Amino acid sequence: MTQRRRHVLLYLVLAAATVLAALAGLGIGPVRLTPVDVWNALGGRGDVTAVAIMRDIRAPRVVLAGLVGAALAMSGAALQGTMRNPLAEPYLLGVSGGAAVGAVLAVAGGAPFGLVPLGAFAGAVAAVMLVLAIARAGGRRPDPRVLLMAGVVVGAFANAVIMIALASAPADSVRNALWWMMGSVAGATWGQIGWFAAYGVLSAGALLLFAPEIDVLALGDDAAAGLGVNVDRAGRRAYVIASLLAAATVAAAGLVGFVGLVVPHLVRTRAGSRHRAVIGAAGLAGATLVILADLVARTLRAPSELPLGAVTALGGVPFFLFQLRRFK
Amino acid sequence: MIRFLDVVVRYPRAAAPAVDGVSFDAPEGTITAIVGPNGSGKSTLVRALLGRVALQRGTIEVDGEDAATLDRRALARRVAVVSQREEPAFPLRVADYIALGRHPHAHLWSAADPAGATAVARAIDDAEVRPFADRTTEELSGGEWQRVRIARALAQDARALVLDEPTTYLDIAHEMSAFELLDALARRGQAILVVSHQLNLVARFAHRVVLLHRGVVAAAGTPSDVMRGDVLERVYEWPLVVTRDPAVGAPALLPLRGRRVT
């Protein structure tokens, strides 16, 4: 089988998996719906209650879960290539810590709860910029290793800020903010999906556009420079786009851990060596996994819900261990 | 093709310049070799050509144009570089890896590079890597990997090829075939600039040799001009004799056992 055919097959399988996961996500819940019911309800036919459940609750939820999963996985795939590090992922590079600080500070500062996502987004963006600034202060160019260390340092700093906020702000409000940070797509609305999709499509499109540069960056600085890539600029660009994509997922759904780290590894060997294929495949696989994780989060202990971030982490660990065996 | 003019490079916080006023030419159709002890500034010259370190003084010309003012992609279309070390972060299929040599020719927004497939196929044949084109870069021996890297540089379709110690890790047969390949490319009209520690190979294959010592040119010219016992002994600080290779007549270097020359 040629490589091209293998890729087409892989994409078909991943797309089919996403569709199946979405059907499961749409059909399973307190009111069970068959795929035919789902189809009819989406089209506005049949039982009025089913239509309402579908349009107002389950469909937005499944769509947002899919978008968030795709964004995180694509961001992780791009960052791993750019940083030349299989451990790189958006959360490790400051996004999660910054988002948590932003959310907690918003609450501690007395902002209404509706502004928490905005605070999280602002915090994530600030952290991304801070990491970049720290990494650049060390030298003329942001070394991937320094960038990773800066991410860890900013994360530790963020933890300290959160603890101080916890100690000094009304406990309930901070707990609410932290609870929200654990990840959920429960409150998904079409309006939210609209802005996230617009932002996500732009950023993901930019990542796919610059993917050939990431291929070259993954070879190392000297080789990349020899191939006509401005290593500093291209590396910074990929880092900023990927991190901002991840930052938006935090605003939309809180922290959904492990997806950005694990999913790229799941698809990397099968999607081949070019990042355009890897990032695209990671997007489909990430969407599938987060849709399924959300399904688990809301059905395992129904009627109460588990945090989505906890489910992805629980599911991600065994995946990761399995994957580790393949590293030599 | 590539011309270094009074090039001075000093790394930040370094006491002395790594390269201090180096001038030489690497014309088309010839193999120009840069030799010298470790730390004499050989690789710094390659990094300077790529714009990875700033010049404190002097210029590097490519085709008569200042390399510093050339767009990086335009530079990469004229000069292909095989750097000293390279480790891809993730394994790649060899054919995909070689195709990355087309990066300076492709546009981000379109895959259109009509000459690409032909150039890649020719590079694979010229570097004789067809037998392992479908393996991944992790499944190659040191010698195979080095040839694959040369193939990637050939796919770049540049008129100048710069190689930084291309025969490290290679056994005699691979070493010889690598230099034979460079010789064939030079005969085709390419400018070959090779950094090497293999003085005896350089003596047999290079047309011009530049001997660096502590950042300055200690000697330059034909292999016979440069490979003189007194010159090399002083630069390498080790006793040695230079004889004539009985088979081919090129200068041959034989380091002697003994003590450091001080």
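**Entry 1: a pair across two chains.** I began with Arg47(B), which forms a salt bridge with Asp222(A), the closest N and O atoms being 3.5 Å apart. A salt bridge here is a side-chain nitrogen of Lys or Arg within 4 Å of a carboxyl oxygen of Asp or Glu. Arg47(B) sits in helix α1 (residues 42-49) of chain B and Asp222(A) in helix α10 of chain A, so the pair joins two chains. Helices (H or I, at least four residues) and strands (E, at least two) are DSSP runs, numbered from the N terminus. Arg47(B) is partly exposed at 26% relative accessibility, and Asp222(A) is partly exposed too, at 24%. My cut-offs: buried is under 20% relative accessible area, exposed is over 50%, and partly exposed is in between (1.4 Å probe, protein chains only).

**A note on the model.** I am reading a predicted model, in which local features need pLDDT of at least 70 and side-chain atom pairs count only at pLDDT 80 or more, while totals for chains, interfaces and linings use all residues. Residues are numbered from 1 along each chain as its sequence is written, chains are lettered from A and ligands numbered from 1 in the order in which they are written, and side-chain values use heavy atoms, with hydrogens and water left out.

**Entry 2: the interface.** How many residues does each chain bring to the contact? I found 32 residues from chain A and 28 residues from chain B, where contact means heavy atoms within 4.5 Å. The area buried between the two chains is about 2500 Å², and carbon and sulfur atoms give 58% of that. Buried area is the accessible area (1.4 Å probe) that two parts lose on being put together, summed over both. Leu219(A), Asp222(A) and Leu227(A) supply 24% of the area that chain A buries against chain B, more than any other three residues. I noted 3 salt bridges across this interface.

Entry 3: Over all chains, the count comes to 27 salt bridges. I looked up Glu86(B) and Arg149(B), whose side chains meet in one of them (3.1 Å, N to O). Glu86(B) is in the loop between β6 (79-82) and α3 of chain B and Arg149(B) is in helix α5 of chain B, so this pair ties together parts that are 63 residues apart in sequence. Are these two buried or exposed? Both Glu86(B) and Arg149(B) are buried. Next I checked Glu237(B), which forms a salt bridge with Arg214(B), with the closest N and O atoms 3.0 Å apart. Here Glu237(B) is partly exposed at 23% relative accessibility, whereas Arg214(B) is exposed, at 61%.

**Entry 4: a buried arginine.** Arg102(B) lies in the loop between α3 (94-99) and α4 (114-126) of chain B. It counts as buried because its relative accessibility is 7%. A polar atom of the Arg102(B) side chain lies 2.7 Å from the backbone oxygen of Ala155(B). Leaving aside neighbours within four places in sequence, I saw Arg102(B) in contact with residues including Asp113(B), Val120(B) and Asp157(B).

**Entry 5: one helix.** Helix α6 (residues 172-187) of chain B has 16 residues. Its buried residues include Glu175(B), Phe179(B) and Leu182(B). Just after α6(B), Gly189(B) takes a positive phi of about 110°.

Definitions and conventions: Polar contact = N/O pair within 3.5 Å; in protein donor to acceptor, adjacent residues only side chain to side chain. Expected span 1.5 Å × (residues − 1).
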